[in-house]
Amino acid sequence: MKRAIIIGATSGLGREVARALASQGVVVGIAGRRAERLEELQQEFGQERVHIATMDVTTEKAIAQLDDLIAKVGDPDLLLYASGIGKQNPNLDAAIELNTVATNSVGMVRLVVHFLNYVKGAASYNAKHKAHIAVISSVAGTKGMGSAPAYSATKSMQSTYLSALAQYVRMYDIPALFSDIRPGFVATEILNPEKHYPMLMTTAQATRHILQGLKRKRRVIIFDWRFRLIVFFWRLIPRCLWERLTFVKN
């Protein structure tokens, strides 16, 4: 990997993956809403290594901003969509639900589709050098979670959408491949610091799993083995039983 673009690099896993890649000598384009956070990474690694673009994925302007970033970085080997928000919403605040959908689903579709259409006409991509598109979804997309309806639904949508695109590129012989990154609980700003989360990982631990999975070009990246086991059994729970498990609050 020589070039990568990470959308959602101002915090959390997107930021840590960007820092890890830049430290390995990868030319990285980073995007996010908080310009000062982007500038911190650029100052850390230098303007030749890190290129920045202030971007709000919920707006149409994000497409042009992605194009500008590609022009600075060059055709990326990896496009990582790490933008995401999620909140427990016990009061079912409509604004929270809609904002979650706009960021996690609409923003992802807007930018992933635009980049995939770009790949179709770019001479640098071919059967031997495919564009790698990755999205950070979540194991929360396995089942609908009553404490966070929009979050779990959008994460499920992301996984299903990537599955459809993986079939699409084969149907039309497009040089692209996909990774669906499904972390469990990671100590990022998205979690409530007042709550206890089982099998909580640090961002450093999660980043190592992500980079290992991306290097191997794994289609689905679930980490670690404990969450892979949990997801396996989670899927076996019948819908009629799952919808009655009202004690599930995390």
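A residue is called buried when its relative accessible area is under 20% and exposed when that area is over 50%. The legends below describe close-up views of a predicted model.

**Figure 1. Strand E3 and its pairing with E2.** Of the five residues of E3, four are buried, so this strand is largely enclosed by the rest of the structure. E2 and E3 are joined in the parallel sense by five bridges. Within this pair, alanine 31 lies opposite alanine 53 of E3. The chain passes from E2 through H2 to E3, a β-α-β crossover that is right-handed.

**Figure 2. Surroundings of histidine 51.** Histidine 51 belongs to strand E3. Its relative accessibility is 17%, and histidine 51 therefore counts as buried, the limit being under 20%. Leaving aside residues up to four places away in sequence, histidine 51 touches Val27, Val28, Gly29, Ile30, Gln42, Leu69, Lys72 and Val73.

**Figure 3. The buried face of helix H2.** Helix H2 spans residues 35-45, and Leu38, Leu41 and Gln42 are buried in it. Viewed along the axis of H2, these buried residues fall within an arc of 100°, so they line one face of the helix. Their cover includes helix H1 (12-23) and the strands E2 (27-32) and E3 (50-54). After H2 comes glycine 46, which has a positive phi near 95°.

**Figure 4. The seven-stranded sheet.** Seven strands form an open sheet in the order E3-E2-E1-E4-E5-E6-E7, and their pairing is parallel. At the edges stand E3 and strand E7 (220-223); each has a single partner strand, so one side of each is left without a neighbour in the sheet. From one strand to the next, the twist averages 15°. In general, the strands of a sheet pair through backbone hydrogen bonds, in either a parallel or an antiparallel manner.

**Figure 5. Strand E5 and its two neighbours.** Strand E5 covers residues 131-136 and is mostly covered, with six of its six residues buried. Ala131, Ile133 and Val135 point one way from E5, while His132, Ala134 and Ile136 point the other way, and all are buried. Strand E4 (residues 78-81) runs parallel to E5 and is joined to E5 by four bridges. In this pairing, leucine 78 faces histidine 132 of E5. With strand E6 (residues 176-183), E5 pairs in the parallel sense over six bridges. Valine 135 has aspartate 180 of E6 as its bridge partner. Between E5 and E6 the chain crosses through helix H5 (residues 149-171), and this β-α-β crossover is right-handed. Histidine 132 also has a bridge partner in E6, namely leucine 177.

**Figure 6. Helices H3 and H4 against the sheet.** Helix H3 (residues 61-73) packs on the sheet and touches strand E1 (3-7), E2, E3 and E4. The direction of H3 makes about 170° with that of E3. H4 lies across E1, E4, E5 and E6, and runs at about 180° to E5.

**Figure 7. The crossing of helices H1 and H6.** The axes of H1 and helix H6 (residues 203-215) come within 9 Å and cross at roughly 65°. The crossing of H1 and H6 is right-handed. From H1, the residues making the contact are Leu13, Glu16, Val17, Ala20 and Leu21. From H6, they are Thr203, Ala206, Thr207, Ile210 and Leu211.

**Figure 8. Two loop residues with positive phi.** Aspartate 173 is not a glycine, yet its phi is positive, at about 55°. Aspartate 173 is placed in the loop between H5 and E6. With a relative accessible area of 71%, aspartate 173 is exposed, the limit being over 50%. Lysine 217, also a residue other than glycine, has a positive phi near 55°. Lysine 217 is located in the loop between H6 and E7.

Conventions: Residues are numbered from 1 along each chain as its sequence is written. This is a predicted model: local features need pLDDT of at least 70, side-chain atom pairs count only at pLDDT 80 or more; totals for chains, interfaces and linings use all residues. Side-chain values use heavy atoms; hydrogens and water are left out. Buried means under 20% relative accessible area, exposed over 50%, partly exposed in between (1.4 Å probe, protein chains only). The arc is that of the directions from the helix axis to the C-beta atoms. Contact means heavy atoms within 4.5 Å. Two strands pair if DSSP finds at least two bridges between them. A crossover is right-handed if, with the strands pointing away from the viewer, the path from the first strand over the helix to the second runs clockwise. Axes are lines fitted to C-alpha atoms, for helices over the stretch in contact, and angles run from 0 to 180 degrees between N-to-C directions. A crossing is left-handed if the near helix is turned anticlockwise from the far one by less than a right angle, and right-handed if clockwise.
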